[in-house]
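Here are some notes to go with the model you asked me to look over. Keep the viewer open while you read, and find each spot as we come to it.

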Amino acid sequence: MRGRPLAILAAVPLFYPDVLPILERRCQSCHRAGEAAPMALETYEQARPYARAIRDAVLRHTMPPWFARSEPGVFANDPRLTAAEISTLRQWAEGGAPAGRPTAPRRQWTEGWRIGTPDVVIEMSKAAQVPAEGEVEYQHVIVPSGFTEDMWVAALEVRPDSRAHVHHAVVFVRPPKSVWLRAKPVDELFTAKGQALEGLSTLDEVIAAYLPGAEPHVFPPGHAKLIPAGSDLIFQIHYTTNGKASTDRTRIGLVMAKEKPSVRVYSAAIAQGNFTIPPNAAAHRVEASFTVHTATEVYALAPHMHLRGKSMRVRAVDADETERLLLDVPRYDFYWQLVYRPVKPVPLPRGSRLVVEAVFDNSSANPRNPDPLATVRWGEQSREEMAVCFIDFLLPVPISPNELFRAPRLGR
Ligand code: HEC
């Protein structure tokens, strides 16, 4: 007997006992009402019409989205299915997608905040108007935090209210000493056209981001981010148009640490802004590197390029030239700004160098390339490029992030 008769003999998996738990575990974070995916996969009625598409997507490994070349167990947030899960979905779809006896969902999703009820919610003080069509410059709003003392934050979540229009949103913290965007008014929307980085320094920090498909920031016990007293939050939002005009007032929710943490999570961008990608270049390499001047650990990495981004690798080169590959994304995809979080934070001894290697495809072989004849430089819009890897570092609390950047004085 071959093929078909065997498949009939084997019991076909059923939706409720076999398939639903997989969807709950691996798919519903996006495939449920109000989330990033176009259709919900919460009930049999919703999933049945997509049985074939589900089979194809998991066999082709296009769902769930994941772009790192890595063994399972390297990244804590690796969503990939096991071979057994793939086989269950496949046999279910090929066996006529039977329902089985209905059961209640095992996984209850809370509406709204995924970090639990925030202690503090800070909202864009003005709503942005998103037009029906065209390119929208990055919108910024500076919102005073109102915090009169240093605040340690254990969980953060950025929530757009018009998800269909928010491509991504980044919230920065600007401490009182920072001069970044000081000339701009508070509580007003503005675009910064090429000046968005003017005065930006290591004082300023990305405190949280909303990226399609990304999870909210929830730190382990004893770990937190710092919002210094008197800081402003700067919302930077990239809106995309989709034929329907809308308004948006993105918010950030904060859950405060109950006790003073022992580890500070500090985000920095390792970036190279000085590059020129020639027309038609199929694999233009841009490198950025950064030496850490105090021992630290890498908690998470998030590559960021635009439509010509092809691949990214991040290596750690220790002072004795030992190399470790921290992240390898052979097929970068602009539409998925994923964060890669190692199961165990990666230690970087003092003097280690992080090397970010970004490769761009400006040829016509890149189907997303808006213009292979363009000479491409750094810029905010998707037709311009960026070569950035956002890195979350862990630092023991008395140590200031300045120590990461500042070379120790000679003789010390
Ligand atoms: C991180 C968010 C996310 C997760 C997790 C996710 N999806 Fe998706 N899925 C999307 C989005 C967004 C789209 C539409 C955009 C696209 O097609 O790339 C999509 C599209 C699809 C499609 C239709 C497109 C196609 O490939 O034909 C299928 C089928 C699908 N997902 C199945 C799944 C299944 C099954 C899982 C779990 C095993 C899953 N997805 C997990 C976000 C997600």
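**Notes on the model**

1. Let's begin with helix 4 and what surrounds it. The buried residues of helix 4 pack against helix 3 (44-47) and helix 5 (83-94). Helices here are DSSP runs of H or I with at least four residues, strands are runs of E with at least two, and both are numbered from the N terminus. Before going on, note that this is a predicted model, where local features need pLDDT of at least 70 and side-chain atom pairs count only at pLDDT 80 or more, while totals for chains, interfaces and linings use all residues. Residues are numbered from 1 along each chain as its sequence is written, and side-chain values use heavy atoms, with hydrogens and water left out.

2. Which residues of helix 4 are buried? In this helix (residues 51-59) they are Ala-51, Ile-54, Arg-55, Ala-57 and Val-58. Seen down the helix axis, they fall within an arc of 170°, so they line one face of helix 4. That arc is taken from the directions from the helix axis to the C-beta atoms. Buried means under 20% relative accessible area, exposed means over 50%, and partly exposed is in between (1.4 Å probe, protein chains only). Here is the background: an α-helix has 3.6 residues a turn, so residues three or four places apart point the same way. Just after helix 4, look for His-61, which takes a positive phi of about 60°.

3. Two strands count as paired if DSSP finds at least two bridges between them.

4. Stay with strand 3 for a moment. Strand 3 (residues 139-144) runs antiparallel to strand 10 (residues 232-239), and 6 bridges join the two. Along this pairing, Gln-139 stands opposite Ile-237, and Ile-142 stands opposite Ile-234. Strand 3 also pairs with strand 6 in the antiparallel sense, over 2 bridges; there, His-140 has Phe-190 as its bridge partner.

5. Now compare two single residues. Is Ser-162 buried or exposed? Ser-162 is buried, with a relative accessible area of 11%, and it lies in the loop between strand 4 (151-159) and strand 5 (166-174). Leaving aside neighbours within four places in sequence, Ser-162 is in contact with Ser-246, Thr-247 and Asp-248. Contact means heavy atoms within 4.5 Å.

6. The other residue is Ala-269, found in strand 13 (residues 263-271). Ala-269 is partly exposed, with a relative accessible area of 47%. With neighbours within four places in sequence left aside, Ala-269 is in contact with Val-388, Cys-389 and Phe-390. Ala-269 and Leu-301 are 32 residues apart in sequence, and their C-alpha atoms are 9.6 Å apart in space.
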